[in-house]
Amino acid sequence: MTMHLPKQHPISMRKARKTDLRTQFGALVFRVRDGKTQVLLITTRRSHSWSIPKGWPMGGKTPAESAAQEAWEEAGVKGTTYNQPIGYFSYFKTIPTRRGERPVPVMVSVYPLAARKTRNVFPEADQRRRKWLSPQKAASRVREPELAQILRNFDASQLL
């Protein structure tokens with residue numbers, strides 16, 4: 001049976017207050033080597049903890065396209081993006097507001113991205129580290145329990 005999913009359209013940006021629930025789009029970058037799935041983690045800029053490439057919505061891009069752009073900017077990866085999210089996770093991000101820095105809740109939609117090309121020169125190369133790991137090892141390195149669960153349950157064979 002083939003599932004027919006509606007075409008995803010670019011998002012339209014609207015104004016929101018900085019303290020509202022925010023949305024980000026993340027890329028679960030993966031590859032298969034010797035029959036084993038590997039996922040790519042990167043370090044965050046402030047705390048240097050491990051996570052996946054993620055960022056804010058981009059006007060004129062679909063959520064999956066935004067996730068792919070973040071994979072390039074933060075990890076130097078280009079690849080095939082899937083338009084359906086495989087999961088969601090939340091975290092608090094500290095952002096500047098008029099009243100000082102505040103933690104803001106962020107919900108991240110995670111889109112798989114099959115890596116085709118990895119470059120050593122990319123926009124944030126000097127600000128981040130990256131590492132290929134098994135999904136199980138990657139799950140043990142991230143802080144967010146929901147992201148760890150997504151990583152533990154990830155099965156590239158369901159996509160390829």
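**Close-up views of the predicted model**

**View 1. Val 108 sits in strand E7.** The model is predicted. Val 108 has 0% relative accessibility, so this residue counts as buried. Setting aside neighbours within four places in sequence, Val 108 touches Gln 24, Phe 25 and Gly 26, as well as Lys 54. Its contacts also include Gly 87, Tyr 88, Phe 89 and Tyr 91. Phe 89 is 19 residues from Val 108 along the chain, yet their C-alpha atoms are separated by 5.3 Å.

**View 2. Strands E6 and E7 form a hairpin.** Two residues lie between the strands. E6 and E7 pair in the antiparallel sense, and eleven bridges join them. Across the pairing, Tyr 88 stands opposite Ser 109 in E7.

**View 3. The largest nonpolar core has 22 residues.** Leu 28, Val 39, Leu 41, Ile 52, Phe 89, Val 110 and Leu 151 have the most contacts inside this core. Strands E1 (22–33), E2 (36–43), E6 (87–97) and E7 (100–118) each give two or more residues to it. So do helices H2 (135–141) and H3 (145–153).

**View 4. Ile 52 is among the residues with the most contacts inside the largest nonpolar core.** Neighbours within four places in sequence are left aside here.

Notes:
Residues are numbered from 1 along each chain as its sequence is written. This is a predicted model: local features need pLDDT of at least 70, side-chain atom pairs count only at pLDDT 80 or more; totals for chains, interfaces and linings use all residues. Side-chain values use heavy atoms; hydrogens and water are left out. A nonpolar core is a set of buried Ala, Val, Leu, Ile, Met, Phe, Trp, Tyr and Cys residues joined through side-chain atoms within 4.5 Å. Buried means under 20% relative accessible area, exposed over 50%, partly exposed in between (1.4 Å probe, protein chains only). Helices (H or I, at least four residues) and strands (E, at least two) are DSSP runs, numbered from the N terminus. Contact means heavy atoms within 4.5 Å. Two strands pair if DSSP finds at least two bridges between them.
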